[in-house]
Amino acid sequence: MENNNLIEVKHLKKYFKVGKNAVLKAVDDVSFIIKKGETLGLVGESGCGKTTCGRTVLGLYEATDGEVLFEGVNIHGLKGKEKRAFTKNAQIIFQDPYASLNPRMTVGEIIAEGIDIHGLYTGQERTEKIYNLLELVGLNKEHASRFPHEFSGGQRQRIGIARALAVEPKFIVCDEPISALDVSIQAQVVNLLIKLQNELGLTYLFIAHDLSMVKHISDRVGVMYLGTMVELASSHDLYAKPLHPYTQALLSAIPIPDPEIEKNRSRIMLEGEVPSPINPKPGCRFVGRCKYAKPICSEASPELKEVEKDHFVACHLFD
């Protein structure tokens, strides 16, 4: 039977030393798979480790422990040709379209950088490729000779998408690609990403904190809290029936565009401070803010396990 998994993340850890005896556990024993052609959404509060997770999956950060398999090959430890082949197949769209484009390069030069590095096209073919990419993302070929400062935020993000597509990747990490954009532009960019996925057969890891947008684009959603994965399920199941107390609180904060429903709805307010990811205590990371906490929650970390079909939760309530 053919393995349909493009990315397999197994017990991934990424720690940063932040003092003499202090370790920041940004990603701590996270596992998930992403199937070919699907979008896995990764959500959680700011500082939960989702961006670090995405960058470690791409190999931009060296993993402290664990494995990231791309088409069955562990990417950490790749060298030379193999490393180069992986960087062609896996790209990133950055959060800030203002900071991620070189202001001294024209749009054409920015898009062509990857093409030149991997020696994909030269001469007229290269020029045509740049023009095609611009049109693919909703810009036109006249834009190739302009500089980034001449564009709006939404247009810059389209240039960032074109740059990621230039080397014809299979997998793209979308690192909060809409959070720096106006609300009116966000849906356009997300719809463009969905269209490109359908046309080019792309696979996405979509990192965001806008839960309604994640629901719109994702096939499955993982919820991170303080470096750990607390819940993982299909988009429909997670939003219809969140099981982890943290996910329930997170989803209760999504505004509903009906004032009557919104007025009568009860929000789950989390008490207590978010603990520090530096030298975390044993047990569940959410224990100090959870109204269902039991003694075991302070002693042992819950494992992410399947409690309903394809619905995984890390919580002692389901032991």
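**Helix packing and salt bridges**

Before I go on, a word on the ground rules. This is a predicted model, where local features need pLDDT of at least 70 and side-chain atom pairs count only at pLDDT 80 or more, while totals for chains, interfaces and linings use all residues. Residues are numbered from 1 along each chain as its sequence is written, and side-chain values use heavy atoms, with hydrogens and water left out. Helices (H or I, at least four residues) and strands (E, at least two) are DSSP runs, numbered from the N terminus.

Back to H3, then. Buried means under 20% relative accessible area, exposed is over 50%, and partly exposed is in between, with a 1.4 Å probe and protein chains only. As a reminder, an α-helix has 3.6 residues a turn, so residues three or four places apart point the same way. After H3 comes Gly-119, and its phi is positive, near 60°.

Arg-126 pairs with Asp-116, and their closest N and O atoms are 2.8 Å apart. Arg-126 sits in helix H4 and Asp-116 in helix H3, so this pair ties together parts that are 10 residues apart in sequence. Both ends are partly exposed: Arg-126 at 25% relative accessibility, and Asp-116 at 42%.

How many salt bridges are there in total? The count comes to 12, taking a side-chain nitrogen of Lys or Arg within 4 Å of a carboxyl oxygen of Asp or Glu.

Another one is Lys-50 with Glu-176, where the closest N and O atoms are 3.6 Å apart. Lys-50 is in helix H1 (residues 50–58) and Glu-176 is in the loop between strand E7 (171–175) and helix H6 (183–200), so the pair links parts 126 residues apart in sequence. Are these two buried or exposed? Lys-50 is buried at 4%, and Glu-176 is buried as well, at 7%.

Last one: Lys-170 and Glu-71, with closest N and O atoms 2.8 Å apart. Lys-170 lies in the loop between H5 and E7, and Glu-71 in the loop between strand E4 (65–70) and strand E5 (73–74), so parts 99 residues apart in sequence are tied together. Here Lys-170 is partly exposed at 34%, and Glu-71 is partly exposed at 38%.
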